[in-house]
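These are my notebook entries on one protein chain. I set down what I looked up, entry by entry.

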Amino acid sequence: MVRFKRNPKGPGQVIDRRGAGGSGGLVKLGAGGGGVALIVVLLLSLFGGGSDFGPLLDSLAPAGQVSQSEAPIDPENDPDADLVGFLEDVLADSQGMWVRVFDDAGLEYRPTNLVLFNGFTQSQCGGAQAQSGPHYCPIDEQVYIDLDFLELLQRQFGAAGDTAQAYILAHEVAHHVQNQLGIIEEVNRLRQSDPGRANDLSISLELQADCFAGVWLSTLRDGSSAAILEANDLQEALNAAAAVGDDAIQEQTTGRVNPETWTHGTSEQRLQWLETGFETGEPDACNTF
């Protein structure tokens, strides 16, 4: 497992909206309701951060009633307290690395926060749903994760282990880095000027985020991170990257593979770029465009 040997020094905070009024609990969609969630996924993707796991929405439980708003989670009785603490450490540690990278380039890094929620919460990208998966909103510059969806990724798609969870969050933080560097804005401009390249540009954006996540993982090996990698940790991250390849997701969810609809890259591509970031430890090596 990824083990933190000291408290990470980086910025960012966890905003815990689980059980908060208005979250509404996990919305369970069946075949008839999937279209609405898919529209949300497509809109989020269009505006730059996007859902990284939207194609998995059809794997959620069959349609059911939306639960009423619950009371906010009591930290002392939180069954996911260890996971929340771990994600908080990953957020701080990964952003601590980006502070150093930006400093070396004469730039100032503006931190993002991690919003945890149940089912649904508001964001400036039009709302965040569990069905949208972990994602980054470039308008309010925050990362959104529903822990129920994170569990689904582990249980059904082979993204098991805490290194897999760390990779997923580091990937979303990487989108924040892309946003600050103007990469997301440029990709959106190119999408509008040349719609035929939209999917390829989206894939390049996602693969670069995988590579950036690999750069952070390399700091767990070189000692500059507050955490260390233990046996088989890297393999957990590689398994997660392979599990969320467009081809793997389509094969498991629909039984068919359609390259024309790919937006995140194949399992092989995601593995390749995560490994590139890890082996080089250099963001400059992550030119996927």
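**Entry 1: The chain as a whole**

I began with the secondary structure and found 9 helices and 8 strands in the chain. I note at the outset that this is a predicted model. I then looked up burial: of the 289 residues, 52% count as buried. The accessible surface of the chain comes to about 12,700 Å², and carbon and sulfur atoms hold 50% of that surface. For contacts in the chain between residues at least 6 apart in sequence, I found that 78% join residues at least 24 apart.

I turned next to H2 and helix H4, the latter spanning residues 162-180. Their axes come within 10 Å and cross at roughly 40 degrees. H2 and H4 are therefore oblique to each other. I recorded the crossing of H2 and H4 as right-handed.

Which residues meet between H2 and H4? On the side of H2 I listed several, among them Leu-83, Phe-86, Leu-87, Val-90, Trp-98 and Phe-102. On the side of H4 the list includes Ala-166, Leu-169, Val-173, His-176 and Val-177.

**Entry 2: Salt bridges**

I recalled that side chains of opposite charge can pair when their charged atoms come close. The count for this model is 7 salt bridges.

How far apart are the closest N and O atoms of Arg-3 and Glu-230? The distance is 2.9 Å, and the two residues form a salt bridge. Arg-3 lies in strand E1 and Glu-230 in the loop between strand E8 and helix H7, so this pair ties together parts that are 227 residues apart in sequence. Arg-3 counts as partly exposed, at 40% relative accessibility. Glu-230 also counts as partly exposed, at 31%.

The second pair is Arg-18 and Asp-78, with closest N and O atoms 2.6 Å apart. Arg-18 sits in the loop between strand E2 and helix H1, while Asp-78 sits in the loop between H1 and helix H2, 60 residues apart. Are these two residues buried or exposed? Arg-18 counts as buried at 4% relative accessibility, and Asp-78 counts as buried at 11%. I also noted that Asp-16, Arg-18 and Asp-78 are linked in a network of salt bridges.

Glu-141 is in the loop between strands E6 and E7, and Arg-110 is in the loop between H2 and strand E3, so the pair ties together parts that are 31 residues apart in sequence. Arg-110 counts as partly exposed, with 41% relative accessibility.

**Entry 3: The backbone at Glu-141**

I returned to Glu-141 to look up its backbone angle. Most residues other than glycine have a negative phi. Glu-141, although not a glycine, has a positive phi of about 60 degrees.

Asn-113 is found in strand E3. With a relative accessible area of 19%, Asn-113 is buried, because the cut-off for buried is under 20%.

Finally, I checked Asn-113 against Ala-92: they are 21 residues apart in sequence and 9.4 Å apart in space, C-alpha to C-alpha.

How values were computed. Residues are numbered from 1 along each chain as its sequence is written. This is a predicted model: local features need pLDDT of at least 70, side-chain atom pairs count only at pLDDT 80 or more; totals for chains, interfaces and linings use all residues. Side-chain values use heavy atoms; hydrogens and water are left out. A salt bridge is a side-chain nitrogen of Lys or Arg within 4 Å of a carboxyl oxygen of Asp or Glu. Helices (H or I, at least four residues) and strands (E, at least two) are DSSP runs, numbered from the N terminus. Buried means under 20% relative accessible area, exposed over 50%, partly exposed in between (1.4 Å probe, protein chains only). Contact means heavy atoms within 4.5 Å. Accessible areas come from the Shrake-Rupley method with a 1.4 Å probe; for residues, only the protein chains shown count as cover. Axes are lines fitted to C-alpha atoms, for helices over the stretch in contact, and angles run from 0 to 180 degrees between N-to-C directions. Angles under 35 degrees count as roughly parallel, over 145 as roughly antiparallel, 65 to 115 as roughly perpendicular and the rest as oblique. A crossing is left-handed if the near helix is turned anticlockwise from the far one by less than a right angle, and right-handed if clockwise.
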